[in-house]
Amino acid sequence: MSNKILNISPLQMPWDTQNPFIFCAYHGDKYPGGNENLGPNVSLAGRAIGQDFSGKDGWSMYHGHTVPGFPAHPHRGFETVTIVTKGLVDHTDSVGGGGRFGNGDVQWLTAGKGVLHAEMFPLLNKEENQFELFQIWLNLPRKSKMVAPHYKMLWKEEIPEVILETTEGAKTTINIVAGEYQGKKALAPNPDSWAADSNNEVQIWTVKMEPYAEMEIPAAQEGINRGVYYYQGDTLAIEQQDINVQQIIALNPEENVTLKNGEKPSEFLFLQGRPINEPVVQYGPFVMNSQEEIHQAMMDYQRTQFGGWPWSSADHVHPKEAGRFAEYGDGRREEK
């Protein structure tokens with residue numbers, strides 16, 4: 001094994017990430033056509049409705065009963081970075097925010113001291129609905145764990161993209177959700193994020209490589225964690241070592257690393273960041289620094305519901321005719 005590759009491990013759900021990331025949930029579904037309620041237009045018989053992660057017929061309902069997705073649930077102490085490359089997500093939250101995003105958009109949500117939110121996957125197309133989502137949990141340092149909840153949209157039209165091309169014309173496309181590449185900088189993350197400090201060298205990229213395409217990942221500072229999450233393709237050579245798909249490759253941060261794709265298109269997620277050198281105690285949707293803080297989070301949620309739920313249902317979806325938009329608790333609205 002090259003000294004530029006620190007470790008290779010299987011890619012299992014949820015994806016095991018390195019500090020400052022907590023994990024990454026990946027959802028790839030081939031949904032059928034949608035019905036009048038924006039749910040699947042086929043029978044749901046044989047599924048554990050409300051807890052369906054079966055992948056039956058190529059898709060799951062997850063915690064949804066009518067529409068696939070994740071009805072209202074709490075978070076405290078970290079951030080979710082939700083990248084939707086295919087399909088749409090309807091967002092609602094306990095501070096009055098809501099929206100519809102997808103097909104390349106990214107939502108950056110700082111849960112902070114506590115928020116309830118729902119993420120439903122409306123099926124707008126009558127024939128079929130392709131869906132792909134990455135939800136990355138990025139930890140918050142102790143000083144930021146109890147900040148006010150905050151979310152923003154990174155719309156696909158504004159996310160920087162870098163296209164590399166070999167002399168033979170094979171292309172690599174890098175979408176920069178966080179960090180920078182070849183002088184192109186990502187949109188600003190949320191203000192209390194660990195990624196907001198450039199010294200933490202947080203990078204989040206989605207990468208697509210055509211057959212025989214090449215790219216280089218430049219070196220970072222000592223102590224930075226970085227990994228390639230190779231989820232689609234066949235083989236990828238990293239520093240002349242062939243890597244099979246469905247692998248996590250942890251990289252030496254102090255070395256430039258060359259990647260050369262094989263004969264089939266490849267896709268991977270790249271995550272990098274300086275570890276937060278504080279205790280991490282997780283209990284389900286709460287990520288704090290001590291068991292006492294976890295206990296307090298549970299008590300606060302039971303007592304306050306993190307502000308309550310202002311929507312008509314826990315699995316609220318927006319009207320079918322709604323386009324891509326975001327509404328914020330302060331009354332602002334964005335439309336795309």
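Strand β18, residues 225–232, and strand β23, residues 266–273, run antiparallel and are joined by 7 bridges. Keep in mind that this is a predicted model.

Those two strands belong to an open sheet of 7 strands. The order is β1-β21-β18-β23-β16-β13-β12, and the pairing is antiparallel. At the edges are β1, residues 5–10, and β12, residues 161–165, each of which pairs on one side only. From one strand to the next, the twist averages 20°.

Now the pockets. How much volume does the largest pocket have? The figure is about 530 Å³. Its lining has 26 residues, and A25, H27, F53, Y62 and F70 lie nearest the centre. Strand β3 has the largest share, with 6 residues. By class, the lining of the largest pocket splits into 12 nonpolar, 12 polar and 2 charged residues.

The second largest pocket holds about 320 Å³ of space. It is lined by 16 residues, and nearest its centre are G179, E180, A195, S198 and V202. The classes for the second largest pocket are 9 nonpolar, 3 polar and 4 charged residues.

Last, the aromatics. There are 23 aromatic pairs in the structure. I will show two of them.

One is F78 with W137, a stacked pair at 4.2 Å centre to centre, with 25° between the planes. It links distant parts of the chain: F78 is in strand β5, residues 78–86, W137 is in strand β10, and they are 59 residues apart. Are F78 and W137 buried or exposed? Both F78 and W137 are buried.

The other is Y181 with W205, which is edge-to-face, at 5.1 Å centre to centre and 80° between the planes. This pair also links distant parts of the chain, with Y181 in strand β14, residues 180–181, and W205 in strand β16, residues 203–209, 24 residues apart. Y181 and W205 are both buried. Strand β16 takes us back to the open sheet, where β16 lies between β23 and β13 in the order.

Finally, one aromatic cluster is formed by Y31, F53, W59, Y62, F70, F121 and F131. Among them, F53, Y62 and F70 have come up already, as residues nearest the centre of the largest pocket.

Note on methods. Residues are numbered from 1 along each chain as its sequence is written. This is a predicted model: local features need pLDDT of at least 70, side-chain atom pairs count only at pLDDT 80 or more; totals for chains, interfaces and linings use all residues. Side-chain values use heavy atoms; hydrogens and water are left out. Two strands pair if DSSP finds at least two bridges between them. Helices (H or I, at least four residues) and strands (E, at least two) are DSSP runs, numbered from the N terminus. Axes are lines fitted to C-alpha atoms, for helices over the stretch in contact, and angles run from 0 to 180 degrees between N-to-C directions. On a 1 Å grid over the protein atoms alone, a cavity is a set of points where a 1.4 Å probe fits but cannot get out, and a pocket is an open set with protein on both sides within 12 Å along at least five of seven lines; lining residues have an atom within 4 Å of a point. Grid points are joined across faces, edges and corners, and a volume is the space filled by probe spheres set on the points. Ala, Val, Leu, Ile, Met, Phe, Trp, Tyr, Cys and Pro count as nonpolar, Asp, Glu, Lys and Arg as charged, and the others, Gly among them, as polar. Rings of Phe, Tyr and Trp (its six-membered ring) pair if their centres lie within 6.5 Å; planes under 30 degrees apart count as stacked, over 60 as edge-to-face and the rest as tilted. Buried means under 20% relative accessible area, exposed over 50%, partly exposed in between (1.4 Å probe, protein chains only).
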